[in-house]
Amino acid sequence: MRKLSFYPRLAARSMRSNRRFYVPYLLTVIGTAAAFYIMAAIVADPGSKELASGTANGQVYVSMFMTIGQFVLALFSCIFLLYTNSFLMKRRQKELGLYSVLGMSKLNIAGIMVFESLYIGVIGIGGGLAVGILLHKLVSLLLFRLMRLPVPFGFSVQPMAILVVVLFFAALILLTLITNLARVGLSKPVE
């Protein structure tokens, strides 16, 4: 039982001591998750049907362009998060090597990294959704204003957009965890 609480505490301590490296990574996760939520919420928002209601197939075009925007944003999110994660892991090589020299097995280091990824997922995805939900209405208002359309009243949270963001970013954080575990597995403590 004591061993199970050891990994979360050590992961939290590691994140606090390396906050100058973790803060940019967390901000990247929060920012990309917020932007992804805004795009997904605009696609799912019932008010977006009015964006091009005066033209033939207007709703189809708006939905198609927003979906293409989501795909491009997903691609950039992958690139940004993997690059930021690579930067983070390069800065932490000495710390992970020290853990290994002090007698921690690679399995123990993997346990710490799992909890770090869990913390990053909860903070990053939760923060990104909070920021995205707050900014969604502002972006929608700007979009309606740019197109000179009447602005619909009301504030809505799109559950489908939340689900898409949680699943996509959980998969992306899992991918970074697998990459980190492979890097630790291939590393040699002497180096």
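Buried here means under 20% relative accessible area, exposed means over 50%, and partly exposed is anything in between (1.4 Å probe, protein chains only). This is a predicted model, so local features need pLDDT of at least 70 and side-chain atom pairs count only at pLDDT 80 or more, while totals for chains, interfaces and linings use all residues. Residues are numbered from 1 along each chain as its sequence is written, and side-chain values use heavy atoms, with hydrogens and water left out.

Figure 1. Helices (H or I, at least four residues) and strands (E, at least two) are DSSP runs, numbered from the N terminus. Reading along the sequence gives α-α-α-α-α-α. Of the 191 residues in the protein, 41% are buried. Take the contacts (heavy atoms within 4.5 Å) with a separation of 6 or more: 85% of them come from residues 24 or more positions apart.

**Figure 2. Phe21 meets Phe87 as one of five aromatic pairs found in the whole structure.** Rings of Phe, Tyr and Trp (its six-membered ring) pair if their centres lie within 6.5 Å; planes under 30 degrees apart are stacked, over 60 edge-to-face, and the rest tilted. With centres 6.4 Å apart and planes at 75°, the rings of Phe21 and Phe87 are therefore edge-to-face. The pair ties together distant parts of the chain, 66 residues apart: Phe21 sits in helix α2 (residues 19-44) and Phe87 in helix α3 (residues 58-91). Phe21 is buried at 12% relative accessibility, whereas Phe87, at 31%, is partly exposed.

**Figure 3. Phe36, Phe168 and Phe169 are linked into a cluster by ring pairs.** Phe168 and Phe169 pair edge-to-face, with 5.1 Å centre to centre and 85° between the planes. Phe169 has a relative accessible area of 0%, so this residue counts as buried.

**Figure 4. Helix α2 packs on helix α6 (residues 159-186).** The two axes lie 9 Å apart at an angle of about 145°; axes are lines fitted to C-alpha atoms, for helices over the stretch in contact, and angles run from 0 to 180 degrees between N-to-C directions. The crossing is right-handed, a label used when the near helix is turned clockwise from the far one by less than a right angle (anticlockwise is left-handed). On the α2 side, look for residues including Tyr25, Val29, Phe36 and Tyr37; on the α6 side, Val165, Phe168, Phe169 and Ile173 are among them. Sorted by class, this contact has 14 nonpolar, two polar and no charged residues. The classes are nonpolar (Ala, Val, Leu, Ile, Met, Phe, Trp, Tyr, Cys and Pro), charged (Asp, Glu, Lys and Arg) and polar (the others, Gly among them).

**Figure 5. Helix α5 (residues 106-146) also crosses α6.** Their axes come within 9 Å and cross at roughly 155°, which means α5 is roughly antiparallel to α6. For that wording, angles under 35 degrees are roughly parallel, over 145 roughly antiparallel, 65 to 115 roughly perpendicular and the rest oblique. This crossing is right-handed. Contact residues include Lys106, Met113, Ile120 and Leu129 of α5, and Val166, Phe169, Leu177 and Asn180 of α6. The class count for α5 with α6 is 17 nonpolar, four polar and one charged.

**Figure 6. Thr67 lies in helix α3.**
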